[in-house]
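Hi everyone, thanks for coming.

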Amino acid sequence: MWQALNFEQISCRSWNDEFFIYNPVTGNTHVLNELSWLILQHLKSEPKTVPNIQTLLAAEFPDSAEELSADMLLQHIQQMHIMGLVKQASENTDWLQATQ
Amino acid sequence: MKYRIGPFTISLQHDVASFQETFDLFYADHLQLSTEPTDFHVRLRLSNSLRRWIRPKVNFTTDSDAPFHPFPADQAYPLYEWGINWCIATQAQQHLMFHAAVLEKNGHAIILPAPPGSGKSTLCVALNQSGWRLLSDEFGLLRPETGEIHALPRPVPLKNASIDVIRRWAPNAIMGPIYYGTRKGDLCHVKPTDISFTQTHQTATPRWVVFPQYDPNCKTALHTFAKGRAFLKLSGNAFNYPLQGERGFNAVADTIEQSDCYYLPFRELDEAIQCLDGLSKTQY
């Protein structure tokens, strides 16, 4: 299960389908593509599994459903995990404070 | 001597005779003496004892800091300007500071962020001599609260081959002495035009962000630069972006949002100026 971390605190600007994120917890600035941003949006309210997200995105974008593989979605989530934007639902995130 | 340059009040003491003549060349006719609280206490002092007569050295100190090794005494003026750069970069955190030239025309500011070697300073001098008001060659001082850029008109340092380029291109420009063999090569400062000083108090709203690059083999042209990429380049260019936190992120994003962004490879100064003058004529 994955969950967005401090979503309500991040600042976001968007140009040309790219999303530029400032995370005040880490002090870092990141660039997300549209798919990562959509995934993050789905993780902001409650923890979800990769299959959950896959189902939700397939419903939103039926023409692209076949391309939204679980492996690809997990790869995007893991990249955001490294950025400190998501966590596993049971994860202790104290390590993030040390990166500030 | 206590005076104001842009938004800063500087208190200067020195004992280097050659320094005053060059300082006066650039600042005397527009010097604003000040009684306001001092931002930077600066001292230029010749080294003590035998060093005063044998290959004399000069020291730059500010309050309790001596940020540089002693310089040859005949390089006191460049040392002063580098020292002021250091003071601003380390202390003026009320501003988001771009490593950029910034000029203004018709009320709109053009930000020219660029690393060393891109031709930024040469282009900056040429634009200033062509009628653009100089806000700064080194520090684009943006106040996050207002989104406005504050003027800091100071002599523009030209290095090595750029010195002769400007001597030929703008023979009426007021240029100081050439300092040979400094740590950045041969160095010569150019005085900004009078309007750059007389309108110091006027801030400017960013309207264009242009990334210049001198290339003798290119075709000079403005190329539209994607805003997302421009955001990354400009935020990476800002000296103190990490310190500014969220307000710095929003300040850069707002600047990009309201600006047209370009990449400008240029071969000749006249061609670059023609491109940028064309921007300034656009109706908004």
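This is a predicted model: local features need pLDDT of at least 70, side-chain atom pairs count only at pLDDT 80 or more; totals for chains, interfaces and linings use all residues.

You'll find S235(B) in helix α6 of chain B, which covers residues 227–237. Setting aside neighbours within four places in sequence, S235(B) is in contact with Y241(B) and V252(B). If you'd like a sense of scale, go to Y77(B), 158 residues away along the chain: its C-alpha atom and that of S235(B) are separated by 31 Å.

S196(B) sits in helix α5 of chain B, residues 194–198. It has a relative accessible area of 0%, so S196(B) is buried. And what does S196(B) touch, leaving out neighbours within four places in sequence? The contacts of S196(B) are N128(B), R133(B), L134(B) and P153(B).

Then there's Q75(B), which lies in the loop between β6 (71–72) and α2 of chain B. Q75(B) has 8% relative accessibility, so it counts as buried.

Now let's move to the nonpolar cores. The largest one has 35 residues, and the members that touch the most others are F19(B), V42(B), Y80(B) and I88(B). Which elements of chain B each supply at least two residues of this core? They are the strands β1 (2–5), β2 (8–14), β4 (40–46), β5 (57–62) and β10 (139–143), along with the helices α1 (17–27) and α2 (76–91). Of these, α2(B) gives the most, with eight residues.

Click on V42(B) for a moment. Not counting residues up to four places away in sequence, V42(B) touches I10(B), S11(B), L12(B), Q13(B), F60(B), T61(B), Y80(B), I84(B) and C87(B). Apart from this core lies another one, of 30 residues, and I110(B), L112(B), L127(B) and I273(B) are among them.

Next, helix packing. Two packed helices are described by the angle between their axes and the distance between the axes. In chain B, take α3, residues 120–129, and α8, residues 269–280: their axes come within 10 Å and cross at roughly 65°. That crossing of α3(B) and α8(B) is right-handed. On the α3(B) side the contact uses T122(B), L123(B), A126(B) and L127(B), and on the α8(B) side L269(B), A272(B), I273(B) and L276(B). By class, the residues where α3(B) meets α8(B) are seven nonpolar, one polar and no charged.

Chain A has a helix pair to show as well. There, α1 (residues 34–42) and α2 (residues 50–60) pack at an angle of about 115°, with axes 11 Å apart. The crossing of α1(A) and α2(A) is right-handed. L35(A), L38(A), I39(A) and H42(A) from α1(A) meet I53(A), L56(A), L57(A) and E60(A) from α2(A). The contact of α1(A) with α2(A) is made up of six nonpolar, one polar and one charged residues.

On to where the chains meet. The size of an interface is often given as the accessible area lost when the parts come together. Here, chain A and chain B bury about 1,200 Å² between them, with 59% of it on carbon and sulfur atoms. In chain A, the residues that lose the most area to chain B are R13(A), W15(A) and Y22(A), together 53% of what that side buries. The contact takes 12 residues from chain A and 15 residues from chain B.

Last, a bit of backbone. Most residues other than glycine have a negative phi. N16(A), though not a glycine, has a positive phi near 50°. N16(A) lies in the loop between β2 (11–15) and β3 (18–23) of chain A, and at 60% relative accessibility N16(A) counts as exposed. In chain B, N106(B) also has a positive phi, of about 55°. Look for N106(B) in the loop between β7 (96–105) and β8 (108–113). Its relative accessible area is 58%, so N106(B) is exposed.

Notes:
Residues are numbered from 1 along each chain as its sequence is written. Chains are lettered from A and ligands numbered from 1 in the order in which they are written. Side-chain values use heavy atoms; hydrogens and water are left out. A nonpolar core is a set of buried Ala, Val, Leu, Ile, Met, Phe, Trp, Tyr and Cys residues joined through side-chain atoms within 4.5 Å. Buried means under 20% relative accessible area, exposed over 50%, partly exposed in between (1.4 Å probe, protein chains only). Helices (H or I, at least four residues) and strands (E, at least two) are DSSP runs, numbered from the N terminus. Contact means heavy atoms within 4.5 Å. Axes are lines fitted to C-alpha atoms, for helices over the stretch in contact, and angles run from 0 to 180 degrees between N-to-C directions. A crossing is left-handed if the near helix is turned anticlockwise from the far one by less than a right angle, and right-handed if clockwise. Ala, Val, Leu, Ile, Met, Phe, Trp, Tyr, Cys and Pro count as nonpolar, Asp, Glu, Lys and Arg as charged, and the others, Gly among them, as polar. Buried area is the accessible area (1.4 Å probe) that two parts lose on being put together, summed over both.
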